[in-house]
Amino acid sequence: MAHSEDDHEYRIKEGDHIVLKRGDVYKAVQIQRKKKVIFEKQWILLDNVVGHLYSTTFEISSGGSLQPKEDKETQSSTDVKVTGTDNRHIVDDGKSQKLTRDDIETMKEQGLTDKEIIKQLIDNSSTFSNKTGYAQDKYIKKKKKKYENTVTVLKPTCRIIAMMYHGREPGKICHLRYDTLAQMLTLANIHAGSKVLVFDTCAGLVLGAIMERMGGYGSVIQMYPGGGPVRAGMECFGFPAHFHDMLHEFPICHVNALLAGKLDTSAKDPTEGEKQVKVAAEEEQNQPEAEQQEGIPQEENMEINTGDDVGQDPEKLEKEKRQEAKAQERKEKLEEKRRKLAAAAALLEGRNADGLVIASQFHPSSLLLGLLKFLAPSRPFVVYSQYKETLIECYTKLKEQGGTVNLMITDTWLRHYQVLPDRTHPLLLMSGGGGYLLSGTTVAFDRSKPAASPLAEEPAPKRQKVKDSES
Amino acid sequence: MSFVEYSDLIKDGDVAIVHLGHNSVTPVKVQHGAQTQTRYGAIRHSSDLIGQRYGSKVTCSKGGWVHVLHPTPELWTVSLPHRTQILYTPDIAMVTMMLELKPGSVVCESGTGSGSLSHAILRTIAPTGHLHTVEFHQQRAEKVVEEFKEHRVDHLVTVRNQDVCKDGFGVTGVADAVFLDIPSPWEAVGHAKAAMKKHGGRLCSFSPCIEQVQRTCEALTEQGFEEIRTLEVLLRVHNVRDVTLQLPDFGPDPSSSQASPEAMEGASTTASPNQTSVRIKTTTLLREMPGHTGYLTFATKPRT
């Protein structure tokens with residue numbers, strides 16, 4: 001009985017963020033009633049998956065509804081007896097398959113399973129029996145992939161979402177490969193209970209990965225540029241509500257003010273209207289895209305409110321009331337925003353953060369130098385860039401400035417293998433590069449002799465030598 | 001200080017990491033009255049360490065200085081006393097992500113070895129997870145128990161001194177993830193499966209030899225594991241260098257003789273060394289680097 005209760009957390013519920021999987025293709029979606037989603041060029045309806053267990057495989061029936069797949073039939077049900085020894089007699093004349101495209105389409109329409117279609121393909125292939133056993137396996141596998149009509153529903157994890165983004169939309173995450181993300185999380189010592197600064201314009205994937213590793217303990221401050229933080233990738237993780245309590249946001253346009261101790265986030269008395277407007281106006285300036293449109297009606301409201309004593313007829317009163325409510329709502333929203341800013345500022349002010357992670361398409365050098373000021377000494381930081389040159393600049397500037405040790409620019413090389421009896425080898429294709437990382441550890445800033453000792457480490461004398469030998 | 005929680009100040013009984021420069025680090029057990037010798041002279045714990053902030057610069061008796069760092073699993077990996085071959089950070093990072101470890105995960109590991117991976121696992125699964133680690137070598141098991149205590153992570157880990165291939169992990173149906181780094185992982189796949197939760201989980205096997213991988217993959221398939229993937233990850237370090245490259249001299253160019261006279265003058269005096277060479281900032285790769293650590297095989301245990 002304990003099991004069925006146990007199962008509750010593994011059941012798919014409406015509103016859950018899930019990941020659809022077929023082969024190596026993933027897609028993150030949220031389950032909403034009667035909402036059709038497109039997956040691998042097929043429209044599917046997710047209503048039926050609710051109540052089933054995660055990791056269940058479903059068959060896509062006509063109309064796009066999903067049915068749990070009956071049995072996990074053992075692989076080689078299409079038993080093959082006759083095999084060839086090599087491919088010397090196989091000639092590519094384009095005539096080996098007797099079935100035409102139309103024949104196959106008809107079979108599909110008749111509702112034949114992938115297994116049955118593959119059997120037909122084999123029976124109608126004149127060369128199949130001449131293929132070697134290995135080649136036959138490969139043929140079946142290839143066809144299976146093509147005609148398979150199933151989808152597996154997974155619970156999202158960092159591994160799956162990182163692989164999904166890398167496979168589907170690498171441009172959105174600055175081509176950050178999953179193993180590089182793995183290195184970042186480890187090099188930055190991300191763990192529960194710490195206070196981590198993140199600058200992530202990789203769709204919020206890095207943010208999500210960090211939040212997963214912190215398990216709802218500690219705080220994450222997302223430093224963001226422009227109108228608002230990017231979080232689509234983080235949303236895919238489907239975190240429980242309390243995870244969002246640890247997430248804070250801070251616009252980088254206030255960093256200088258905060259560092260100078262000039263950021264005013266103090267709570268004003270709500271009746272003090274003018275101040276409110278001032279804060280609001282300031283916000284408006286800093287968040288042009290997201291908020292400007294809403295800013296205009298507010299000004300109108302103000303005007304109407306001041307001319308209060310004129311309007312007397314009920315219709316006008318009603319209208320006023322509505323506008324007042326709207327203004328109030330707007331005020332509350334601003335107040336909420338101010339509170340958030342104040343909360344994030346309070347976390348940053350101590351300049352005692354435990355880690356810094358930067359992953360963006362911005363030039364990282366000024367970002368890094370600026371945000372490092374919020375870290376306590378002896379804390380790790382890591383910067384991702386698609387381009388090594390930007391990290392060389394960061395490295396050089398940090399060496400000049402001091403205050404860091406263990407600086408290292410790295411990248412990782414990742415290779416997958418096919419492992420089969422007597423046929424083990426690296427996969428034919430591999431990723432050419434997963435981006436570069438600069439990692440290091442902060443130390444107490446030494447003001448007495450800046451730049452003196454770090455510079456001594458650089459191999460400068462060599463140049464001298466070259467020159468000498470020249471003359 | 002703890003390996004799973006930062007503190008600001010160095011206290012008596014802490015394990016601190018002394019950074020000697022050039023990425024060379026060494027762990028130090030902080031004790032009242034004790035001294036540690038470095039190539040820059042002695043560090044006196046009572047006056048130089050205790051009460052200081054982690055990250056501080058400490059001047060040693062011979063006048064040289066070092067930085068004292070808060071321990072992390074990554075610093076431990078590059079400074080720990082080797083009792084066996086160990087896993088390094090690039091592999092550890094990959095294992096952590098691909099095993100889907102997070103706070104609260106229950107993990108089984110064998111062998112414990114020198115505890116390099118164990119510390120990284122503990123960091124990630126704290127404060128609510130648990131690590132069951134199995135080591136067949138008695139002294140190694142005892143030593144690592146001692147280290148877990150010193151590093152204040154002992155409440156998160158159970159060390160068992162037994163042979164995982166014969167006796168398994170000592171737990172059933174509790175693990176979200178299993179990690180195998182043993183000579184014959186295929187013999188432990190069944191035990192791994194038994195240790196894992198009913199609803200499923202992830203497994204990783206680390207082996208240096210492809211023959212081991214082959215047999216392990218067969219065993220995994222036999223035991224009904226899915227999504228079996230083998231991969232290899234290597235770290236490349238890019239060292240930043242200033243290099244000076246010579247420029248070729250093609251002699252005077254008659255066709256550009258109408259060029260401004262001051263440029264011609266300049267060439268004969270100050271500018272000439274600048275024109276014979278250029279200085280660029282670039283990176284170089286190591287002449288030799290670790291080219292193989294081990295193959296990482298991952299698999300998913302389905303619901304059973």
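**Notes on a predicted two-chain model**

1. Let me start inside chain B, with the two domains. The area buried between domain 1 of chain B and domain 2 of chain B is about 690 Å², with carbon and sulfur atoms giving 64% of that. Buried area here is the accessible area (1.4 Å probe) that two parts lose on being put together, summed over both. On the domain 1 side, B:Val15, B:Val25 and B:Pro27 lose the most area to domain 2 of chain B, together 48% of what that side buries.

2. Some housekeeping. This is a predicted model, where local features need pLDDT of at least 70 and side-chain atom pairs count only at pLDDT 80 or more, while totals for chains, interfaces and linings use all residues. Residues are numbered from 1 along each chain as its sequence is written, chains are lettered from A and ligands numbered from 1 in the order in which they are written, and side-chain values use heavy atoms, with hydrogens and water left out.

3. Back to the chain B domains. Domain 1 of chain B runs over 9–71, and domain 2 takes in 75–234 + 291–301; bounds like these come from an automatic or database domain assignment. Taken over C-alpha atoms, the centres of the two domains of chain B are separated by 32 Å. Eleven residues from domain 1 of chain B and seven residues from domain 2 of chain B take part in the contact, where contact means heavy atoms within 4.5 Å.

4. What holds charge against charge there? Between domain 1 of chain B and domain 2 of chain B the count is two salt bridges, a salt bridge being a side-chain nitrogen of Lys or Arg within 4 Å of a carboxyl oxygen of Asp or Glu. B:Asp14 and B:Arg152 meet in a salt bridge through their side chains (2.9 Å, N to O). The elements giving two or more residues to the domain 1 side are strand 1 (15–19) and strand 2 (25–29) of chain B, and strand 2 of chain B gives the most, with four residues. Helices (H or I, at least four residues) and strands (E, at least two) are DSSP runs, numbered from the N terminus.

5. Chain A has its own pair of domains: domain 1 (9–84 + 94–155) and domain 2 (165–266 + 347–442). Their C-alpha centres lie 37 Å apart. Each gives seven residues to the contact. Domain 1 of chain A and domain 2 of chain A bury about 570 Å² between them, 54% of it on carbon and sulfur atoms. A:His17, A:Ala28 and A:Tyr134 supply 67% of the area that domain 1 of chain A buries against domain 2 of chain A.

6. Now the chain–chain interface. 72 residues of chain A are in contact with 72 residues of chain B, and the area buried between the chains is about 5900 Å², 58% of it from carbon and sulfur atoms. Six salt bridges turn up across the interface of chain A and chain B; in one of them, A:Asp24 pairs with B:Arg229, with the closest N and O atoms 2.7 Å apart. Chain A and chain B also share 21 residue pairs in polar contact (both at pLDDT 80 or more).

7. Finally, the annotated site. The unreviewed UniProt entry puts a "binding site" on residues including B:Asp163 and B:Asp181; such annotations may be inferred rather than shown by experiment, feature names are shortened, and positions are given in the numbering used here. B:Asp163 is in the loop between strand 9 (157–160) and helix 6 (164–167) of chain B. B:Asp163 counts as partly exposed because its relative accessibility is 22% (buried means under 20% relative accessible area, exposed over 50%, partly exposed in between; 1.4 Å probe, protein chains only). B:Asp181, in the loop between strand 10 (177–180) and helix 7 (189–195) of chain B, is also partly exposed, at 26%.

Methods
Polar contact = N/O pair within 3.5 Å; in protein donor to acceptor, adjacent residues only side chain to side chain.
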